[in-house]
Amino acid sequence: MLLIAGILMIATTLRVTFTGAAPLLDTIRHDYGLTTAQTGLLTTLPLLAFALISPLAAGTARRIGMERSLFLALLIICVGIGLRSLPSSTFLFTGTAVIGCGIALGNVLLPGLIKRDFPRQVAKLTGAYSLTMGAAAALGSALIVPLALSGAGWHNALLMLMVFPALALLLWLPQWRQTHAASLSGARALHNRGIWKSSLAWQVTLFLGINSLIYYVIIGWLPAILLSHGYSETQAGSMHGLLQLATAAPGLAVPLILHRMKDQRSIAGLAAMMCAVSAAGLWLVPGQAVLWTLIFGFGSGATMILGLTFIGLRANSAHQAAALSGMAQSVGYLLAACGPPLMGKIHDTAGDWRIPLIFCAIAAVIMAVCGMLAGRDREIAQG
């Protein structure tokens, strides 16, 4: 039970320390006199860190063990939060990048740890930590502005987010000695390189990766899309929060369905098509934005849970799961880092959101195809 509690507490840290800063971006921009592009970098930097660090996580776990690697990830996140909270724009950007490095380690290694210690409960635990991650992100987004306005200031409000990794560190401390380094170091190094040659690994990677791309485009630009259709700032802000809650909701439902299915082709295709329909709906029938927001959030959240579950189900060992997780998240977050600025540039050129939303809908159809291929009941060959 202590191990599961530790896993769930680490999960709270992996999103809230990143997304928790989003509601304060406008305040930060004004205080430091940043340009819109520089402010956007605060969102892109962690995604770039995810892409660069993710492939290194499996090797780190092989050398020092998964438990110690996750402990290290939490320490790195704490250091990053401390740096980001210092009164300097240089520390703001440095701390943000450091947080991204810590989150990348945690993102990659948790699926591998679940595969190793709970091989029969991969879907259930993946759903639980996805739900915890989403709930913590929604809580952080709701509390950060009131904290900043209460007299603490935005620097201290950001610093208070350290409570999540600090509590996770305390819960994870007993795992420090529970290393399984021997079994990991005995795994073949071919997992790191050979995984990139597997068609099944690429199907899992693109399923997760395209979802990351679409999710960060929509979550980054949804308020602007809604404002362009005549919604007020308050309505746009409320729907942005609604999107995060809808993303967390599949953590309750999807794991209950998965264990009854021989394979996951149908549910993977359905979840991805929910994203396609809602992206098209936001442009064609914007008056039903609440409905499209809920459908997109549920579809994207379900796709993320399925993709993370595929990492455990399609790998044949904990180390291969970590290597596949590193590959999927590296490619996924590289796409995610490019998506929002590229779609923003297309909007500036075209003058509306039609092309970005059509792009998201088409990408989601491709994601559905990848999901149906990745959902087949098979494992990646050991080589």
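Biologist: How do H1 and H5 run relative to each other?
Modeller: H1 and H5 are roughly antiparallel, a label for angles over 145 degrees on a scale from 0 to 180 degrees between N-to-C directions. They pack at about 150°, with their axes 10 Å apart. Axes here are lines fitted to C-alpha atoms over the stretch in contact.

Biologist: Which way is the crossing handed?
Modeller: H1 passes H5 in a left-handed crossing. That is, the near helix is turned anticlockwise from the far one by less than a right angle.

Biologist: Which residues make the contact?
Modeller: From H1, they include Leu3, Ile7 and Phe18. From H5, they include Ile99, Leu110 and Asp117. Contact means heavy atoms within 4.5 Å.

Biologist: And by class?
Modeller: The contact of H1 with H5 has 11 nonpolar, three polar and one charged residues. Ala, Val, Leu, Ile, Met, Phe, Trp, Tyr, Cys and Pro count as nonpolar, Asp, Glu, Lys and Arg as charged, and the others, Gly among them, as polar.

Biologist: Before we go on, where do these values come from?
Modeller: This is a predicted model: local features need pLDDT of at least 70, side-chain atom pairs count only at pLDDT 80 or more, and totals for chains, interfaces and linings use all residues. Residues are numbered from 1 along each chain as its sequence is written, and side-chain values use heavy atoms, leaving out hydrogens and water.

Biologist: Back to H1. Is Thr12 buried or exposed?
Modeller: Thr12 lies in H1, residues 2-19. Thr12 counts as buried because its relative accessibility is 8%. Buried means under 20% relative accessible area, with a 1.4 Å probe and protein chains only.

Biologist: What does Thr12 touch?
Modeller: Thr132, Ala136 and Phe164, not counting residues up to four places away in sequence.

Biologist: New topic. At what angle do H13 and H14 cross?
Modeller: Roughly 150°, and their axes come within 8 Å. H13 and H14 are therefore roughly antiparallel to each other. Their crossing is left-handed.

Biologist: How many charged residues are in that contact?
Modeller: The contact of H13 with H14 has no charged residues, 16 nonpolar and five polar.

Biologist: Now the whole chain. How many helices and strands?
Modeller: 16 helices and zero strands. Both are DSSP runs numbered from the N terminus: helices are H or I with at least four residues, strands E with at least two.

Biologist: How much of the chain is buried?
Modeller: Buried residues make up 55% of the 383 residues. The C-alpha trace spans about 55 × 45 × 35 Å along its principal axes.

Note on methods: Angles under 35 degrees count as roughly parallel, over 145 as roughly antiparallel, 65 to 115 as roughly perpendicular and the rest as oblique. Buried means under 20% relative accessible area, exposed over 50%, partly exposed in between (1.4 Å probe, protein chains only).
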